[in-house]
Amino acid sequence: MKKHNFSAGPSILPQEVIMKASEAVLDFNNDGLSILEISHRSKAFIDVMEKARSLVLELMGLEGKGYKALFLQGGASTQFLMVALNLLEKRAGYLNTGTWASKAIKEAKKLDDIYEVASSKEANFNYIPKQYDIPSDYDYFHCTSNNTIFGTQLKSFPDCEIPMVCDMSSDIFSRELDFSKFGIIYAGAQKNMGPAGTTLVVVKEDILGKVSRNIPSIMDYKVHIDSGSMFNTPPVFAVYTSMLTLEWLKNLGGIKAAQELNEKKATLMYSEIDINPLFKGFAAKEDRSMMNATFTLENENLKETFDTMLKEAGISGLNGHRSVGGYRASMYNALPLDSVKAVVEVMSELERKA
Ligand SMILES: *Cc1c(COP(=O)(O)O)cnc(C)c1O
């Protein structure tokens, strides 16, 4: 039986996507070859890459606005450095809202001085700082839209005169945003878009070419743009499966439809956390993530019982990250409402038993 998959990443994919991807592993396009063994320069795969790239811009409403979508490798972690290599000349401002934001800062600091505009580190990142200035003479501003580990999420983005760069790894395509506010958006595919192995980068072309350093080719966005996201062999299967997920999302009704479902799931999850005296939410209420709900059991003695009950209900991946402890329900686009209902049922069952 298929489990209720709350894994934080790599994470749940639509069942329909998994079926189509497995068919393509056996025989791609009824052509007698597997997707795993075709050339990335074949017309069949170039079509896949182009489809995936254009679906990204279409879903984000960025067509004809000077943006390019790239499917790269090295994970979001490589983007921490790549962003700085391509944009950092004098100084950049970073909003520090969690482990991933801190890692982005650490990498950029290897190139130059960077400035933390604000941080919630003193409170173990359980909230999003809101009062801060972004100096208008900086090269760019970097933020992390959703803090996967701590379960906080930016509900709004600052108005920014300089290019705004955003790590959207764990909430990309989950809610409607004005994506044209951003200079660069990047996201590892494995949370909300596809399997591990590829990283989406959406870049506004006119912000490039302004630094004096000689950027290594594979780290240069312009090189990837000029080669149609095929500078070297792309991760063929990961791009194909991401394309299938983007098609699935489009057929669902796009980001708007995904957001409606995500709101329902999050509302259900958080109302149980708030109403059930056995549990306590970790993140500040106004900053709660729609994707990752973090919570703890008030009475640790109930942990074994609760974990057994979760297991019996076929619920997987609910363990919290070690830096927060407790539990984390990751409710990405492909997670059905029924899976959240299943967790909520176990939580209220525990209350009745305790
Ligand atoms: C998971 C995650 C990362 C790391 O992604 P990799 O692809 O493993 O490098 C970076 N940022 C955020 C917000 C994440 O959730």
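1. A note on the cysteines to begin with: the sulfur of cysteine 160 lies 8.0 Å from the closest cysteine sulfur, that of cysteine 143, which is too far for a bond. A disulfide is a covalent bond between the sulfur atoms of two cysteines. Here a disulfide is counted when two cysteine sulfur atoms lie within 2.5 Å, and by this rule the count is zero. Cysteine 143 is in no disulfide, and its nearest cysteine sulfur, in cysteine 166, is 3.9 Å away.

2. Before you read on, please keep in mind that this is a predicted model: local features need pLDDT of at least 70, side-chain atom pairs count only at pLDDT 80 or more, and totals for chains, interfaces and linings use all residues. Residues are numbered from 1 along each chain as its sequence is written, and side-chain values use heavy atoms, with hydrogens and water left out.

3. Cysteine 143 has 0% relative accessibility, so it counts as buried (under 20% relative accessible area; exposed is over 50%, and partly exposed in between, with a 1.4 Å probe and protein chains only). Cysteine 160, at 23%, counts as partly exposed.

4. Now to the ligand. It is surrounded by 13 residues, the closest being Ser77, Thr148, Asp167, Gln190 and Lys191; a residue is near if one of its heavy atoms lies within 4 Å. Helix α3 (residues 75-87) gives the most to this shell, with four residues. By type, the shell has three nonpolar, eight polar and two charged residues.

5. A polar side-chain atom of threonine 148 is 2.4 Å from an oxygen atom of the ligand. For serine 77 the distance from such an atom to a ligand oxygen is 2.6 Å, and for glutamine 190 it is 2.9 Å. The protein covers 88% of the 390 Å² of accessible area that the ligand has on its own (Shrake-Rupley method, 1.4 Å probe).

6. Last, the aromatic rings. The structure holds 12 aromatic pairs, meaning rings of Phe, Tyr or Trp (its six-membered ring) with centres within 6.5 Å; planes under 30 degrees apart are stacked, over 60 edge-to-face and the rest tilted. Phenylalanine 28 and tyrosine 240 have ring centres 5.1 Å apart and planes at 80°, so they are edge-to-face. This pair links distant parts of the chain, 212 residues apart: phenylalanine 28 is in the loop between α1 (15-26) and α2 (43-60), and tyrosine 240 in helix α6 (residues 236-252). Phenylalanine 28 and tyrosine 240 are both buried. Elsewhere, Phe279, Phe295, Phe306 and Tyr327 form one aromatic cluster.

Methods
Polar contact = N/O pair within 3.5 Å; in protein donor to acceptor, adjacent residues only side chain to side chain. Helix = DSSP H or I, 4+ residues; strand = E, 2+ residues; numbered from the N terminus. Nonpolar A, V, L, I, M, F, W, Y, C, P; charged D, E, K, R; others polar.
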